[in-house]
Amino acid sequence: MNDTTQRVLSLLNLLQSRPVWTGTELAERLGVTTRSIRRDVERLRELGYPVRAEHGTGGGYQLGAGKALPPLLLDDEEAVAVAVSLRLAAGGTVTGLGEAAVRSLAKLDQVLPARLRAEVKGVIEATVSLDSPVTAVDADVLVALARAIRTPERATFDYTKASGERSERRVEPYRLVAAARRWYLMAWDLDRADWRTFRLDRMAAARGTGWRFTPRDAPDAVEYVQASITQAPYQYVAKVRIHAPAHEVAERVPSTIAVVEPDGDHAILTAGADDLDYVAYHVVRLGWPVSVIEPPELREAMRALARSSRPRARRRRQAG
């Protein structure tokens, strides 16, 4: 009996970890037969957990939303409180909890009855922040993408570029990345047959399509998104060697502005820009000796900055 109870709890944990499992997948994970899985599913149903079974391609077992929350989880008031807290945390109002909040919110949203979803939405709409620390993102977009990543299944969404151009995008979503004040999605763009980075605050109507996919070999999500937002959109990619330890440089340079990598006792800083004078100014402001690696135009921008700084420094000395 103890083994059976432990297996049923393990089955429940698996069903909560992603939206759909086939009977064969569950049997392999738990080391039992598919017949045992069917019996354990019936035990969960008897306990009040709404486990659905769908046949055919893309089907399987799914822990769904019932008329009430499954027993021994949360009552209505607790569910609303947790969901509201998670949505606020996902929006960045609780430092460091954004990504964990999205994962938790995706699990909770999977079993939350429609009547409680409406109540959660009402509380969120009635809540404002005097000084929001992040760019606003629709929590429904976050949840839809998080669930599509966990399944995994293809997703679509309406997207507005910085230029104002709008289009519907079809993707295989891989990772959500929180960077400073924004959320980003790294995904395989099906229409462009390449990896892309999308800002969630420019999305609307995100939804899973039900079409599952086999994950591709993907680049590191953090590195890819960081390169996409600090280098790809710009005319120049500047690279300099800063004569200071990389960890000290990284503490003063936001990850959304530049990539900082160790180079022995020094640091290599890589950043994109359309104006090299801007790069020169901010690199000099760091206060450490700098060697320009590329592009050559940045060296001239650094020299011009040095020439313009000398008269100001001389006037300050004379005034002192």
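Predicted model: local features only at pLDDT ≥ 70, side-chain atom pairs only at ≥ 80, totals over all residues.
An open sheet is built from 5 strands. Their order is S6-S5-S4-S3-S7, and the pairing is antiparallel. S6 and S7 are the edge strands, each pairing on one side only. On average, neighbouring strands of this sheet are turned by 45° against each other, direction ignored. In general, strands of a sheet pair through backbone hydrogen bonds, in either a parallel or an antiparallel arrangement. S3 pairs with strand S4 (residues 166-179) in the antiparallel sense, over 6 bridges. Asp158 has Glu168, in S4, as its bridge partner.

Aromatic side chains form 6 pairs in the structure. One of them joins Phe157 and Tyr159. Their ring centres are 6.1 Å apart, with 70° between the planes, and the pair is edge-to-face. Phe157 has a relative accessibility of 0% and therefore counts as buried. Tyr159, at 7% relative accessibility, also counts as buried. Trp188 and Trp195 make a further pair, with ring centres 5.3 Å apart. The planes of Trp188 and Trp195 stand at 80°, so this pair is edge-to-face as well. Both Trp188 and Trp195 are buried. Ring pairs also connect these two residues with Tyr174 and Phe213, giving a cluster of Tyr174, Trp188, Trp195 and Phe213.

Two arginines sit over tryptophan rings. Arg18 lies over the face of Trp21, at 3.8 Å from the ring centre. The charged end of Arg252 is placed over the ring of Trp288, 5.0 Å from its centre.

Helix H10 spans residues 276-285. Its buried residues are Leu276, Val279, Ala280 and Val283. Seen down the axis of H10, the buried residues fall within an arc of 100°, so they line one face of the helix. An α-helix has 3.6 residues a turn, so residues three or four places apart point the same way. The N-terminal end of H10 is capped by Asp275. A side-chain oxygen of Asp275 lies 2.9 Å from the backbone nitrogen of Asp277. Just after H10, Gly287 adopts a positive phi of about 95°.

Most residues other than glycine have a negative phi, and most peptide bonds are trans. Ala193 has a positive phi, near 50°. This residue is in the loop between strand S5 (182-189) and strand S6 (194-199). Ala205 also has a positive phi, near 55°. Ala205, however, lies within a strand, S7 (residues 203-212). With 44% relative accessibility, Ala205 counts as partly exposed.

Pro152 is found in the loop between helix H7 (139-150) and strand S3 (153-160). Pro295 is placed in the loop between strand S11 (290-294) and helix H11 (296-319).

Note on methods. Residues numbered from 1 in each chain as written. Heavy atoms only, no water. Helix = DSSP H or I, 4+ residues; strand = E, 2+ residues; numbered from the N terminus. Buried < 20%, exposed > 50% of the residue type's maximum accessible area, 1.4 Å probe, protein only. Arc of directions from axis to C-beta. Polar contact = N/O pair within 3.5 Å; in protein donor to acceptor, adjacent residues only side chain to side chain. Pairing = 2+ DSSP bridges. Axes fitted to C-alpha atoms, helices over the stretch in contact; angles between N-to-C directions. Phe/Tyr/Trp six-rings, centres within 6.5 Å; stacked < 30°, edge-to-face > 60°. Lys NZ or Arg CZ within 6 Å of the ring centre and 35° of its normal.
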